[in-house]
Amino acid sequence: MPGVRPALRLLALAACSLVLLLSGCAGASTSKTTVSAADRRGPTVIGTDRSAESRVVAALYGELLTAAGREVRTAPTAYASAADAARAVVAGEIGLAPAYETATLRALPKGDTLPGNMAATLSMALPPGIVALKPAAAERGVVLAVTRSTARRHSLRSLADLGRTGGRLTLGGPASADPDAPSASSLKKTYGVSLVPAGTSRTADVLVLRSTAPSMRENSLVVLTDPEGVIPPEHVFPLISAPSADPAARKALAGVNALLTSEQLAALVASVDAGRAPGEVARTWLRAEGLLS
């Protein structure tokens, strides 16, 4: 049949064209996917607040990420508070910031409650794509402390022990106005202890301080434990965006979290307050701990 053979040729040519088109598109799609995956992980921008704690912890994170082969940049401007730095990570302005548990929860719309499992609380409060990595033992939160002589005189180790003092001790200190600071009434409710508000920080028997305050080390103060958890936790942890939280970054940052204690953080902060650059302080500590060559 004279019209069939040309029609078959045209059909065959169309089929070949279709195969070539599909194979070409598949090849282009694979190439494009590979390039975009490589480009998606840019530099990790680390932000801080203005405190010495935030700046030195950010330097620890930056040194370890750099050693792990990640490109790191520091945000050009420090944020006003830890809560502002946390919001900047959530907003995508930066990729990583030192964060603190309760301060971060206060900065989040769904972070009002504090059930016992802090890791689960943060996970539920953070939006998709933002990760709270495991915290360090180090805290920069509020503590209640006494001098060694006061601790010996009244056999004080915990806040519960204050009940034996018969209401003769006063409460006050530089961090008394902090949102995490327990009041005399909250201590009375939780521990049944009676403390009188002090007129000034100098006259207070029980001092309300930040755990990294220089006076903690300078005066060898005794921190009273808080078995009932009346003071909310403020452990430091890396708040990081998911694209920056690849396995290599997680492993590098875990090194800090496994070793950093409140006492060590206070010593690092004291060095920064004394005028040393946060990066220099961070490198010295990391090398001493065997985390950096």
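Hi everyone. Let's start with two helices, α2 and α11, which are oblique to each other. This is a predicted model, so please keep that in mind as we go.

Why oblique? Helix α2, residues 52–67, and helix α11, residues 278–288, pack at an angle of about 60°, and angles of 65 to 115 would count as roughly perpendicular while those under 35 count as roughly parallel, so this pair is oblique. Their axes are 8 Å apart, and α2 passes α11 in a right-handed crossing.

Which residues of α2 and α11 make the contact? On the α2 side they are Arg-55, Val-56, Ala-59, Leu-60, Glu-63 and Leu-64. On the α11 side you'll find Pro-278, Gly-279, Val-281, Ala-282, Arg-283, Trp-285 and Leu-286. Sorted by class, that contact has nine nonpolar residues, one polar and three charged.

Helix α10, residues 262–273, packs with α11 at an angle of about 140°, and the axes are 9 Å apart. Here too the crossing of α10 past α11 is right-handed. Gln-264, Leu-268, Ser-271 and Val-272 of α10 meet Pro-278, Val-281 and Trp-285 of α11. How many charged residues does the contact of α10 with α11 have? None: there are five nonpolar and two polar residues.

Last topic, the rings. For a pair of aromatic rings, we describe the distance of the centres and the angle of the planes. With centres required to lie within 6.5 Å, the count of aromatic pairs comes to zero. One ring does have a charge over it, though: Arg-140 lies over the face of Tyr-100, at 4.0 Å from the ring centre.

How values were computed. Residues numbered from 1 in each chain as written. Predicted model: local features only at pLDDT ≥ 70, side-chain atom pairs only at ≥ 80, totals over all residues. Heavy atoms only, no water. Phe/Tyr/Trp six-rings, centres within 6.5 Å; stacked < 30°, edge-to-face > 60°. Lys NZ or Arg CZ within 6 Å of the ring centre and 35° of its normal. Axes fitted to C-alpha atoms, helices over the stretch in contact; angles between N-to-C directions. Helix = DSSP H or I, 4+ residues; strand = E, 2+ residues; numbered from the N terminus. Parallel < 35°, antiparallel > 145°, perpendicular 65-115°, else oblique. Left-handed = near helix turned anticlockwise from the far one by under 90°. Contact = heavy atoms within 4.5 Å. Nonpolar A, V, L, I, M, F, W, Y, C, P; charged D, E, K, R; others polar.
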